[in-house]
Amino acid sequence: MNIYEESLKYHEELKGKYQIKSNCKITNSKDLSLAYTPGVAEPCRKIHKNPDLAYTYTRKWNTVAVISDGTAVLGLGDIGPLASLPVMEGKSILFKEFADVDAFPLVLDTKNVDEIVDTIIRVSPSLGGINLEDISAPRCFEIEKKLKEKLDIPVFHDDQHGTAIVVLAGLINALKLVKKEIKNIKIVINGAGSAGTAICKLLISFGAKNILVCDKTGIINKDMPYLNDSMKELALITNKDNVKGSLKDALINSDVFIGVSAPNLVTKEMAITMNKDAIVFAMANPTPEIFPETAKEAGIKVIGTGRSDFPNQVNNVLAFPGIFRGALDVRASEINEEMKISAAYAIANSVKKEDLDYDYILPKAFDLNVQKSVANAVKEAAIKTGVSKIYNK
């Protein structure tokens with residue numbers, strides 16, 4: 001039985017990976033009177049007078065919806081909302097298992113940006129945070145932007161920001177090993193979708209000065225006919241010398257390659273043209289842009305992938321549970337750049353200095369201390385930047 005057959009049997013036996021469990025026991029009339037009528041009227045009255053008290057008297061403070069329209073599911077693409085439900089259930093239990101956040105899946109039967117935004121806004125009173133998941137680009141950028149403008153709870157698209165944060169964490173440690181500084185290196189990102197765009201922006205926030213982003217047509221430059229606003233923005237914030245060419249051309253004399261694209265796009269010959277002590281994060285799944293053994297043969301010093309069977313897995317689970325735990329704990333109104341960078345440092349620093357190695361730049365996903373460190377770092381950054389509703393009154 002292979003992993004797919006075993007997983008199918010597993011899902012059939014479970015009949016869903018999560019369930020609702022009660023925090024209280026209803027065994028007599030007094031219990032019923034406290035939990036429901038008539039007693040429940042009093043917290044309702046208090047919340048009506050002061051909406052903030054919903055965080056005191058209900059589970060809103062710890063509740064996140066994992067929301068998708070099923071248009072960009074894992075490596076499966078646009079399979080629709082219903083078929084995406086097993087993934088959203090899985091994401092929900094990761095929230096609970098890794099950070100004790102109560103999350104539930106919510107899949108939406110529409111691809112219309114405004115309908116998605118309107119639906120989420122309408123259900124938002126029940127929620128302490130929103131995790132957008134597996135929504136195709138460029139629609140995901142517009143949806144997140146509109147929600148952030150209209151809501152005062154954290155809105156986080158994990159495919160964008162979770163990936164970017166873990167990439168930055170890995171890069172922080174990889175650069176320590178090769179003794180290079182981000183402001184002095186050339187970075188090539190292949191893939192201009194949600195993850196590639198977010199990685200680019202976070203690395204710029206962190207101090208990167210020289211980034212080339214490539215898509216199927218080659219290096220994104222200022223003379224390209226833009227397909228959308230996201231591509232136009234990438235052209236404006238990257239490629240300072242407006243160079244043109246293919247991925248092969250971009251990799252020449254580069255220090256870092258970050259792949260969020262498609263299998264086998266980087267050959268050994270292309271990797272050889274990178275600078276000495278180069279870093280490669282080839283994250284296409286399940287087949288990376290270049291396999292680790294091939295990259296090593298080309299002289300690449302530090303190699304990461306999206307797979308658990310190779311060293312240095314770039315895994316979003318290192319980031320999103322702790323990020324939401326921290327944001328919820330201080331009632332942050334958003335998850336800003338400072339909070340993301342703080343989370344990346346917390347992940348990077350979870351690898352002890354004496355343990356740091358070419359094959360160990362990121363902590364293991366099952367180290368729950370990582371989530372605690374991320375949560376604490378995010379809380380501190382939220383308070384420092386004034387987005388905590390508890391500590392900045």
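What follows is a set of questions and answers on how the labels for this predicted model were reached.

Biologist: Why is Tyr36 called exposed?

Modeller: Tyr36 has a relative accessibility of 57%, and exposed means over 50%, so Tyr36 counts as exposed. Tyr36 is found in the loop between α2 (29–35) and α3 (41–49).

Biologist: Which residues form a nonpolar patch with Tyr36 on the surface?

Modeller: Ile26 and Leu32 form the patch with Tyr36, and together the three have about 330 Å² of accessible area. In the loop between α2 and α3 there is also Pro38. The peptide bond leading from Thr37 to Pro38 is cis, with omega near 5 degrees.

Biologist: Where is the peptide bond that is cis with omega near 0 degrees?

Modeller: That bond runs from Asn285 to Pro286. Pro286 lies in the loop between β9 (279–282) and α13 (292–297).

Biologist: Why is α5 called roughly perpendicular to α14?

Modeller: α5 and α14 pack with their axes 9 Å apart, at an angle of about 65 degrees. The roughly perpendicular class covers 65 to 115 degrees, and that makes α5 roughly perpendicular to α14. α5 passes α14 in a right-handed crossing.

Biologist: What is the place of Arg331, and is Arg331 buried or exposed?

Modeller: Arg331 is in the loop between α14 and α15. With a relative accessible area of 11%, under the 20% limit, Arg331 is therefore buried. Although Arg331 is not a glycine, its phi is positive, at about 50 degrees.

Biologist: Which residue has a positive phi near 55 degrees?

Modeller: That residue is Asp100, which is not a glycine. Asp100 is found in the loop between α5 and β2 (102–107). Its relative accessible area is 43%, which is between 20% and 50%, so Asp100 is partly exposed. Asp100 is also linked with Arg59, Lys96 and Asp102 in a network of salt bridges.

Biologist: What makes the contact between Arg139 and Asp69 a salt bridge?

Modeller: The N to O distance between the side chains of Arg139 and Asp69 is 2.3 Å. The cut-off for a salt bridge is 4 Å, so the pair qualifies. Arg139 lies in helix α7 (residues 139–150) and Asp69 in the loop between β1 (63–68) and α5 (81–99), so the bridge ties together parts 70 residues apart in sequence. Both Arg139 and Asp69 are buried.

Biologist: Which residue forms a salt bridge with Lys389?

Modeller: Lys389 forms a salt bridge with Asp152, with the closest N and O atoms 3.1 Å apart. The pair links distant parts of the chain, 237 residues apart: Lys389 is in the segment after α16 (368–384), and Asp152 is in the loop between α7 and β4 (155–157). Asp152 has a relative accessible area of 47% and is partly exposed.

Biologist: Why is the pair of Glu181 and Lys183 counted as a salt bridge?

Modeller: The side chains of Glu181 and Lys183 meet at 3.8 Å, N to O, and the limit is 4 Å, so the pair is counted. Glu181 counts as partly exposed at 48% relative accessibility, and Lys183 counts as partly exposed at 49%. Exposed would need over 50%.

Biologist: How many salt bridges does a search of the whole structure find?

Modeller: The search finds 25 salt bridges.

Definitions and conventions: Residues are numbered from 1 along each chain as its sequence is written. This is a predicted model: local features need pLDDT of at least 70, side-chain atom pairs count only at pLDDT 80 or more; totals for chains, interfaces and linings use all residues. Side-chain values use heavy atoms; hydrogens and water are left out. Patches are made of residues with over 30% relative accessible area and no salt bridge: like charges are joined within 9 Å, nonpolar side chains (Val, Leu, Ile, Met, Phe, Trp, Tyr) within 5 Å. Accessible areas come from the Shrake-Rupley method with a 1.4 Å probe; for residues, only the protein chains shown count as cover. Helices (H or I, at least four residues) and strands (E, at least two) are DSSP runs, numbered from the N terminus. Buried means under 20% relative accessible area, exposed over 50%, partly exposed in between (1.4 Å probe, protein chains only). Axes are lines fitted to C-alpha atoms, for helices over the stretch in contact, and angles run from 0 to 180 degrees between N-to-C directions. Angles under 35 degrees count as roughly parallel, over 145 as roughly antiparallel, 65 to 115 as roughly perpendicular and the rest as oblique. A crossing is left-handed if the near helix is turned anticlockwise from the far one by less than a right angle, and right-handed if clockwise.
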